[in-house]
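Take a look at the structure first, and then read on.

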Amino acid sequence: MSDAAFDELLEFVEDELAFATSHYNDSYLDRRVSSRMRRTQSETYATYLETLRDDPEEQTALLEAMSINVTGFFRNPDVWDGIREVLQRLTATNETVRVWSAACADGREPYSVSMLAHDDPEIDESSVSILGTDISEPALETARSGVYEESRTVDFADQLDFLNDYDAYVECDDRTFRIDPAVKRNVTFACHDLINDDPKTGFDLVICRNLFIYIDNEYKQSMLATIAQSLRQQGYLVIGKAETIPPNLKSAFTVRDARLRIYHRDTLETASLTGERTPSK
């Protein structure tokens with residue numbers, strides 16, 4: 001399995017399947033490709049590429065494998081305590097609070113935001129509007145349905161124990177969990193590629209956790225610019241606990257809570273990050 005064959009495979013994925021492999025770490029891509037190679041019993045990159053060229057269903061399967069879909073309800077509860085404080089502060093001073101859960105996978109993170117808003121008496125849930133975005137349409141289909149099947153390795157009840165009373169927000173039937181309609185009303189979903197698509201606009205809080213660890217440093221700057229331009233002045237950004245904003249980048253963020261990776265959008269012009277870009281709704 002040569003480097004040339006791997007590069008040829010990635011070139012096909014980028015050019016023909018429109019997935020920006022060049023933005024991701026090779027080690028991450030290799031793990032995802034190798035998983036599909038085992039499923040298709042392909043012994044080399046070259047033989048897998050032949051399969052990929054001829055099989056549209058395998059193309060879809062690989063793209064789904066490459067999308068980052070590790071998620072959970074209230075993942076890292078201490079971070080959610082920090083998000084709670086941010087939402088309390090925002091709803092106390094704003095009539096409307098807009099939250100963007102970027103790279104939200106199957107929707108459990110934006111639904112966690114909505115459930116938290118409903119559960120905490122110090123947060124006005126009626127003012128909170130949440131957008132969940134991802135590049136994976138199958139993941140977004142699950143998100144829109146709001147129905148989750150528990151597996152042997154996942155305990156939803158344990159994750160939802162972060163709330164005072166999760167039964168009020170989730171209907172449980174054996175190992176199937178359905179998000180309550182009142183919780184779903186605060187959340188909408190859309191397809192968005194944080195790497196290649198234009199910024200959004202007017203958000204008070206962006207949550208983008210556990211994506212940057214898979215991205216090469218040279219591409220993080222444009223992603224941070226997209227996020228910065230999507231935030232209102234003094235809006236908040238939350239990234240993963242294992243992630244950092246690279247110090248060599250002239251970011252538009254200042255640290256609010258270093259341990260929890262919560263940042264403020266600075267008042268500096270964000271155009272200085274990567275040049276002017278036009279925000280879009």
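Predicted model: local features only at pLDDT ≥ 70, side-chain atom pairs only at ≥ 80, totals over all residues.

Residues are numbered from 1 along each chain as its sequence is written, and side-chain values use heavy atoms, with hydrogens and water left out.

**The sheet**

- Strands of a sheet pair through backbone hydrogen bonds, either parallel or antiparallel.
- Here, 7 strands make an open, mixed sheet in the order E6-E2-E1-E7-E8-E10-E9; strands (E, at least two residues) and helices (H or I, at least four) are DSSP runs, numbered from the N terminus, and two strands pair if DSSP finds at least two bridges between them.
- At the edges sit strand E6 (187–191) and strand E9 (253–257), each pairing on one side only.
- From one strand to the next, the twist averages 25°, with axes being lines fitted to C-alpha atoms (for helices, over the stretch in contact) and angles running from 0 to 180 degrees between N-to-C directions.
- Strands E1 (residues 97–101) and E2 (residues 128–134) pair in the parallel sense over 5 bridges, and Ser101 stands opposite Gly132 in E2.
- Helix H10 (residues 217–230) packs on the sheet and touches E1, E7, E8, E9 and E10, where contact means heavy atoms within 4.5 Å.

**Pocket and cavities**

- On a 1 Å grid over the protein atoms alone, a cavity is a set of points where a 1.4 Å probe fits but cannot get out, and a pocket is an open set with protein on both sides within 12 Å along at least five of seven lines; lining residues have an atom within 4 Å of a point.
- A volume is the space filled by probe spheres set on the points, which are joined across faces, edges and corners.
- The largest pocket has a volume of about 270 Å³.
- Its lining has 16 residues, with Ala18, Phe19, Leu63, Ile135 and Ser136 the closest to its centre.
- Helix H4 (56–66) gives the most to this lining of the largest pocket, with 3 residues.
- There are 2 cavities of 30 Å³ or more, and the second largest cavity holds about 140 Å³ of space.

**A salt bridge**

- The model has 9 salt bridges, each a side-chain nitrogen of Lys or Arg within 4 Å of a carboxyl oxygen of Asp or Glu.
- In one of them, Asp120 joins Arg84, with the closest N and O atoms 2.7 Å apart.
- This pair links distant parts of the chain, 36 residues apart.
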